[in-house]
Amino acid sequence: MGDDLFANASAAADFIRSRTSLAPKVAIVLGSGLGGVAAEIADRTSIAYAEIPHFPRSTAEGHSGNLLLGTLNNIPVAVMQGRVHGYEGYSPSEVTFPMRALGRLGIHRIVLTNAAGGINTSYSQGTLVLIRDHINFTGLNPLTGPNDDRLGLRFFDMSDAYSTRLRALAQKHSPTALSEGVYVCVSGPSYETPAEIRAFRTMGADLVGMSTVHEVIVARHMQIEVLGISCVTNMAAGVLPEKINHLEVLQTGKRVERQLAALLTGIVPELD
């Protein structure tokens, strides 16, 4: 499995290189409803995930399923319009394969964005929150199984998984102070119950979602520096009396795309 993973990730990276003259060191992953930020990418080449060897294909609404190679604020970037999730039937290794391919492509820093439910009652819909830390509540780890030392060490530190340095840069480029919080990842696809949200709040979680955490584990395994940004697209179950629906998630994501694009445009030159 380790040998296959290294070879497959290298094959995917080689294919991506064959489609662009750029050599990006920075990547961005756009979560549910946030794909429109890609409009800010100049001189872009679009590659459907289905074209890239071994790449998983996104089936979730709000995830376009394209890899863009272009420039943002004159900096070469690789931008994923959407991701895949465990609830689509993918294994943790498949979910995180794009991180492996990006690492083999030469990416050193990555910005992972997602749509999240707000557990912290000080948040409101449309708030952008920097992820400070996470709780993996899926019961799965993408590194389970044989380790390939060419990809990363068997055991590695996760105490600064969400880079303190990159969070400081994001704060510097935001016109207003950004909240920071702890993100708990669940498997989905059903939304959480009010009792689960109360339990997560007791555990110290501020946000809940169905992505990102496995990607961060694999990125850090490859020594890729991570900045995580959540868009609070809805308040979690039981926080408000309203029901939760995916359309609301997508609509809120659309509302904050401009703010997110401005933030990413400002910080990208300092990530290169």
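**Exercise 1. Glutamate 225 and its partner**

Task: Decide whether glutamate 225 is buried or exposed, then find which residue forms a salt bridge with it.

Solution. 
- Step 1. Start with the accessible area. Glutamate 225 has a relative accessible area of 17%. Buried means under 20%, so glutamate 225 is buried. Keep in mind that this is a predicted model.
- Step 2. Look for the partner. Arginine 165 forms a salt bridge with glutamate 225. The closest N and O atoms are 2.8 Å apart.
- Step 3. Glutamate 225 lies in strand E9 (residues 225-235), and arginine 165 lies in helix H4 (residues 164-173). The pair therefore ties together parts that are 60 residues apart in sequence.
- Step 4. Arginine 165 has a relative accessible area of 40%, so it is partly exposed.

**Exercise 2. Arginine 150 and its two contacts**

Task: Name the salt-bridge partner of arginine 150 and the ring whose face arginine 150 lies over.

Solution. 
- Step 1. Side chains of opposite charge can pair when their charged atoms come close.
- Step 2. Apply it. Aspartate 148 and arginine 150 meet through their side chains in a salt bridge of 2.9 Å, N to O.
- Step 3. Aspartate 148, at 10% relative accessibility, counts as buried. Arginine 150, with a relative accessible area of 48%, is partly exposed.
- Step 4. Now the ring. Arginine 150 lies over the face of phenylalanine 6, 4.0 Å from the ring centre.
- Step 5. The whole structure holds 8 salt bridges.

**Exercise 3. Sorting aromatic pairs**

Task: The structure has 3 aromatic pairs. Classify the pair of tyrosine 49 and phenylalanine 55, then the pair of phenylalanine 55 and phenylalanine 97.

Solution. 
- Step 1. A pair of aromatic rings is described by the distance of the centres and the angle of the planes.
- Step 2. For tyrosine 49 and phenylalanine 55, the centres are 5.1 Å apart and the planes are at 50°, so the pair is tilted.
- Step 3. Check burial. Tyrosine 49 is buried, with a relative accessible area of 2%. Phenylalanine 55 is buried too, with 8%.
- Step 4. For phenylalanine 55 and phenylalanine 97, the centres are 6.1 Å apart and the planes are at 85°. Planes over 60 degrees apart count as edge-to-face, so this pair is edge-to-face.
- Step 5. Phenylalanine 55 lies in the loop between strand E2 (42-48) and E3, and phenylalanine 97 in helix H3 (residues 97-105). The pair therefore ties together parts that are 42 residues apart in sequence.
- Step 6. Tyr49, Phe55 and Phe97 form one aromatic cluster.

**Exercise 4. Helix H3**

Task: Work out why helix H3 is largely enclosed by the rest of the structure.

Solution. 
- Step 1. Count the buried residues. In H3, 7 of the 9 residues are buried, so the helix is largely enclosed.
- Step 2. Name some of them. They include Phe97, Met99, Arg100 and Leu105.

**Exercise 5. Strand E4 and its neighbours**

Task: Find in which sense E4 pairs with E1 and in which sense with E3.

Solution. 
- Step 1. Strand E1 (residues 26-30) pairs with E4 in the parallel sense, over 5 bridges. Valine 26 stands opposite valine 77 in E4.
- Step 2. Strand E3 (residues 66-72) pairs with E4 in the antiparallel sense, over 7 bridges. Asparagine 66 stands opposite glutamine 81 in E4.
- Step 3. Check the turn. E3 and E4 form a hairpin with 2 residues between them. Asparagine 73, in the turn, has a positive phi of about 55°. Its relative accessible area is 38%, so asparagine 73 is partly exposed.
- Step 4. Check the cover. In E4 (residues 75-81), 6 of the 7 residues are buried.

How values were computed:
Residues numbered from 1 in each chain as written. Predicted model: local features only at pLDDT ≥ 70, side-chain atom pairs only at ≥ 80, totals over all residues. Heavy atoms only, no water. Buried < 20%, exposed > 50% of the residue type's maximum accessible area, 1.4 Å probe, protein only. Helix = DSSP H or I, 4+ residues; strand = E, 2+ residues; numbered from the N terminus. Pairing = 2+ DSSP bridges. Salt bridge = Lys/Arg side-chain N within 4 Å of Asp/Glu carboxyl O. Phe/Tyr/Trp six-rings, centres within 6.5 Å; stacked < 30°, edge-to-face > 60°. Lys NZ or Arg CZ within 6 Å of the ring centre and 35° of its normal.
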